[in-house]
Every structure is written in C-alpha cells, then in structure tokens.
Amino acid sequence: MQTKDYGKAILEELEKVTEQVPSNACTALCGAIANAARVFVAGAGRSGLVAKAFAMRLMHLGCNAYVCGEMVTPSFQKGDLLLIVSGSGETASLAAMAGKARAVGGSLALVTVRAESSIGAVAEVIVPVPAPTPKADNAFRSIQPMGALFEQSCFLLLDAVVMELMEQLGQDETSMYARHANLE
C-alpha cells in the first residue's frame, strides 16, 4: 500500500470507532466540564498528549484548565473535575490520581477503551471509545500499530466535545482566538 491508501484506511477506521461512541457520554462530559470549577487533565504517553491538547482548547474556551504534573498546576480541590484519557483505564499513576481526586471530593471523567477498568469503577462520567489496543480486546483489528487508533479517536472526539461546549458556552472562534498565546 502507498501512504494515501494508508491514510484512507485510517480515516475509515476512525469513522468506524467514532460512530460507536454514545452521544450521551460526550454530552455528559460536556456537562461535567461546564459545571466544574476547574478542569484537570491527565494521561500517559500519547494519550497524555491528547489530554494536553484538550486542556489547551478548554483554556481557549475560557475554562480554568490544567495539565496534571506541570509545575504551574495548582492543587486539586472539591468542585474540580479530573479528566483522564487512558486506553486501559489501569495505568497505576493515573489510578492513584483518580483515587486522590475522589478522596478530595472532586469529580472524575474517563475516556477509555475499558469502561469496566479500575479507574472506570470510580468515574462518574465515562466516554467509551471502542478502539482496539494491545491493552484491551475489541471486535475488530486496526491496521495501525499499538494504540494509535484509540489516541486518534480521542483527539477527534475531544475536539467534537469542544465544539459542543462552544455552543453551550456561547463561544466562537473569535472569542477563543483572543485567548490564544501571543508571546510566541
């Protein structure tokens, strides 16, 4: 196959996965974000990069958004939301964060392949992403290596969540761009 053929196959896989994500799960995530005092995001590896990109968009929307583990991230408190992006839902460091967030009295949302995971067991909002990864069985196989399809699907879904939040919060591209970094 050539690169353009792989590209077409990847797009087909993305469509197959994203059309299976329940709309009400994404709407519930939007509600949790809109009702949170602050939103903290976390993920490991490439899932962490997806979470960081989402935090940036939340900031552009005017939300108080933070990336866990960054030096300028404040303490998590009651009324805050922790959003974890984790294919397995079992990453030890993320499970520890989830437990601490719940112990403090905050809310927890999870974007994952495995809703029945240990993090899923304590999350109030779960966005199930039925993408195959080496960490979870799935009905179909991806032509892509490892968890690429999960990470790409999460990126697209969270961008769609941003668009839903834009409507809910009365934001548009102009208002968001006004919050874009200007010291670059």
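Colleague: How many cavities of 30 Å³ or more does the count give?
Modeller: This is a predicted model. A cavity here is a set of points where a 1.4 Å probe fits but cannot get out. With the cut-off at 30 Å³ or more, the count comes to one cavity.

Colleague: Which helix gives the most to the lining of the largest cavity?
Modeller: Two helices, α3 (45–61) and α5 (148–169), each supply at least two of the lining residues. The one that gives the most, with four residues, is α5.

Colleague: How many charged residues are in the lining of the largest cavity?
Modeller: Six of the lining residues are nonpolar, and none is polar. The charged count is one.

Colleague: In what order do the elements run from the N terminus?
Modeller: The protein has six helices and five strands. From the N terminus on, the order is α-α-β-α-β-β-α-β-β-α-α.

Colleague: What is the radius of gyration of the protein?
Modeller: For 184 residues the globule rule gives 16 Å. The model's value is close to that, so the protein is as compact as a globular protein of that length. The radius of gyration is 16 Å.

Colleague: What share of the residues counts as buried?
Modeller: Buried means under 20% relative accessible area. Of the 184 residues, the share that counts as buried is 43%.

Methods. Residues are numbered from 1 along each chain as its sequence is written. This is a predicted model: local features need pLDDT of at least 70, side-chain atom pairs count only at pLDDT 80 or more; totals for chains, interfaces and linings use all residues. Side-chain values use heavy atoms; hydrogens and water are left out. On a 1 Å grid over the protein atoms alone, a cavity is a set of points where a 1.4 Å probe fits but cannot get out, and a pocket is an open set with protein on both sides within 12 Å along at least five of seven lines; lining residues have an atom within 4 Å of a point. Grid points are joined across faces, edges and corners, and a volume is the space filled by probe spheres set on the points. Ala, Val, Leu, Ile, Met, Phe, Trp, Tyr, Cys and Pro count as nonpolar, Asp, Glu, Lys and Arg as charged, and the others, Gly among them, as polar. The radius of gyration is taken over C-alpha atoms; the globule rule is 2.2 Å times the number of residues to the power 0.38. Buried means under 20% relative accessible area, exposed over 50%, partly exposed in between (1.4 Å probe, protein chains only).
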